[in-house]
Amino acid sequence: MEGKEILNKKNSLVNKHLCNFIESKFLREYHDQKGKIISQNEYAKLCGITSSTISKIKLPDGYNIPLSTIYNILRHERYSLEKFFKEFEDEKGINIPD
């Protein structure tokens, strides 16, 4: 494989793991900021994203998730980027294997 193909494969893997991590942490059950269980559509609206974006995050292979989408979910969850990425790194390690 050429350099760009390898990089694309690694980026896809990082996106997959990021989406899976977000799904397991925040998207198994949807809550408003008071802790009340709500629908996926209501959650998406509170985050400022679309319900279809949540569906893409929940795909087994994830998708090429923009940082702004991660930020919008974390803002709703009152979760810092630093804490989120620290937990992600602790769980997945600094180098995600091929």
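The structure is a predicted model, in which local features need pLDDT of at least 70 and side-chain atom pairs count only at pLDDT 80 or more, while totals for chains, interfaces and linings use all residues. Residues are numbered from 1 along each chain as its sequence is written, and side-chain values use heavy atoms, with hydrogens and water left out.

The protein has five helices and two strands, where helices (H or I, at least four residues) and strands (E, at least two) are DSSP runs numbered from the N terminus. Read from the N terminus on, these elements follow the order α-β-β-α-α-α-α. Along the principal axes, the C-alpha atoms of the protein fill a box of roughly 50 × 25 × 20 Å. Of the 98 residues in the protein, 32% are buried; here buried means under 20% relative accessible area, exposed means over 50%, and partly exposed lies in between, with a 1.4 Å probe and protein chains only. Among contacts (heavy atoms within 4.5 Å) between residues at least 6 apart in sequence, 58% join residues at least 24 apart.

The structure holds five aromatic pairs, a pair being two rings of Phe, Tyr or Trp (its six-membered ring) whose centres lie within 6.5 Å, with planes under 30 degrees apart counted as stacked, over 60 as edge-to-face and the rest as tilted. In one of these pairs, the ring centres of Phe21 and Phe84 are 5.3 Å apart and the planes stand at 55°, so this pair is tilted. The pair links distant parts of the chain, since Phe21 belongs to helix α1 (residues 3-26) and Phe84 to helix α5 (residues 81-92), 63 residues apart. Phe21 counts as buried because its relative accessibility is 5%, and Phe84 is likewise buried, with a relative accessible area of 0%. Another pair is formed by Tyr30 and Tyr43, whose ring centres are 5.3 Å apart and whose planes stand at 45°, so that this pair is also tilted. Because Tyr30 lies in strand β1 (residues 30-31) and Tyr43 in helix α2 (residues 40-47), the pair ties together parts that are 13 residues apart in sequence. Tyr30 is buried, with a relative accessible area of 8%, and Tyr43 counts as buried at 0% relative accessibility. Phe21 and Phe84 also belong, together with Phe85 and Phe88, to one aromatic cluster.

Helix α4 (residues 67-77) contains Thr69, which counts as buried because its relative accessibility is 8%. When residues up to four places away in sequence are not counted, Thr69 touches Ile49, Thr53, Ile57 and Tyr63.

The accessible surface of the protein comes to about 6,500 Å², of which 51% belongs to carbon and sulfur atoms; such areas come from the Shrake-Rupley method with a 1.4 Å probe, and for residues only the protein chains shown count as cover. Leu67, Tyr71, Leu81 and Phe85 make a nonpolar surface patch of about 360 Å². Patches are made of residues with over 30% relative accessible area and no salt bridge, with like charges joined within 9 Å and nonpolar side chains (Val, Leu, Ile, Met, Phe, Trp, Tyr) within 5 Å, a salt bridge being a side-chain nitrogen of Lys or Arg within 4 Å of a carboxyl oxygen of Asp or Glu. Helices α4 and α5 each supply at least two residues of this patch, and Leu67 lies in α4.

Two loop residues were also examined. Arg78, in the loop between α4 and α5, has a positive phi of about 55° although it is not a glycine, and it counts as exposed because its relative accessibility is 62%. Asp61 lies in the loop between α3 (51-57) and α4 and counts as exposed at 56% relative accessibility. The C-alpha atoms of Asp61 and Lys92, which are 31 residues apart along the chain, are separated by 16 Å.

A disulfide is a covalent bond between the sulfur atoms of two cysteines. A search of the whole structure finds zero disulfides, the criterion being a pair of cysteine sulfur atoms within 2.5 Å. The sulfur of Cys19 is 14 Å from the closest cysteine sulfur, which is in Cys47, and this is too far for a bond. Cys19 counts as buried at 0% relative accessibility, and Cys47 also counts as buried at 0%.
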